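Here are my notes on the model, written for a colleague who will want to check each point against the coordinates.

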Amino acid sequence: MKNLGIEHLAMVAVAFSGLAWGVFWIPLRALDAAGISGLWAVVMFQALPTALLAPAILVRWRRIVSGGWTLHVSGLLAGSALVLYAGALVFTDVVRALLFFYLTPLWSTLLARVVLGEPITGVRWGTIGLALAGLLLILKVDTGFSGTLGPGDWMGLASGVVWAFAAVSMRSDTKGSGIEFTLSYFVWGSIAALLLTLLSSQGTDPPGWDVVRNTLWWMVPVAALLLIPPALAVMWGATLLSPGLLSILFMTEISAGTVTAALWANEPFGTREVAGIILITLAGVLEPISLLRGRSPA
């Protein structure tokens, strides 16, 4: 019963983290307006939290080292997945990036079945179906979607697959701690973001120090309140929850992004968007409700 209570708390934490990350587009657009655009905005989103967490890294360096290769592989996978996703937002349409990344519940569920031996229940298939249906409604895929995949599309698809491996890796590490996973995630994510700027032919010139300095007064609280706590909640949740359920709960990001973009960016919000949010919300509560009723989740 105690473990069940912790799992419920983890579900709530992950769902709220998705809501928080659903407004990431606001500081991203603000960085672009300030002169830090493209991949360098992605670098700042990783490097600034890493700098703020430097004292924690120094205090816990022995635990980080003793975590072994599993901890660092998980951090590298998680950091790379989110960097690839952010890169997809740069190099392809937001609609396509969201669609390809949020195939993650399917990859995570199938991978957890193969690697961890987790059964796939009827509730899980229903949850995946509701989530994907809500996603397709919001993204209006039925109105036209080119079948040609560009570099950004491949990055979005790869980000979802890599995140599935990260979630399975963290779930399989029985000694893993959410704090160490978070620290590893930001460090390796910063390295992956910098490498992406070197590999890309676009936006390779870093912004000047004056530009960066002029954004720190508001980016520091954004990193402290909007980037670090949700990352900690997700990494902690990954140690307790099924990888597939983790990805489904995180889809609250789509709902938050849709609503806030409609309120503050004058983007469309009508019957289709409402229906999509309802389906995604139902997907997010279906499995927790089955847990409360005493059923065992996938």
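Predicted model: local features only at pLDDT ≥ 70, side-chain atom pairs only at ≥ 80, totals over all residues.

1. Residues are numbered from 1 along each chain as its sequence is written, and side-chain values use heavy atoms, with hydrogens and water left out.

2. The axes of helix α2 (residues 25-34) and helix α12 (residues 209-238) come within 11 Å and cross at roughly 175°; axes are lines fitted to C-alpha atoms, for helices over the stretch in contact, with angles from 0 to 180 degrees between N-to-C directions, and helices are DSSP runs (H or I, at least four residues) numbered from the N terminus. The two helices, α2 and α12, are therefore roughly antiparallel (over 145 degrees).

3. In contact (heavy atoms within 4.5 Å) are Pro27, Ala30, Leu31 and Ala34 of α2 with Val211, Thr215, Trp218, Met219, Val222 and Leu226 of α12.

4. Six aromatic pairs are found in the whole structure, a pair being rings of Phe, Tyr and Trp (its six-membered ring) with centres within 6.5 Å, and planes under 30 degrees apart counting as stacked, over 60 as edge-to-face and the rest as tilted. One of them is edge-to-face, because the rings of phenylalanine 24 and phenylalanine 45 have centres 5.7 Å apart and planes at 70°.

5. Phenylalanine 24 is buried at 16% relative accessibility, and phenylalanine 45 is buried at 10% (under 20% relative accessible area, 1.4 Å probe, protein chains only). Trp21, Phe24, Phe45 and Phe250 form one aromatic cluster.

Notes. Parallel < 35°, antiparallel > 145°, perpendicular 65-115°, else oblique. Buried < 20%, exposed > 50% of the residue type's maximum accessible area, 1.4 Å probe, protein only.
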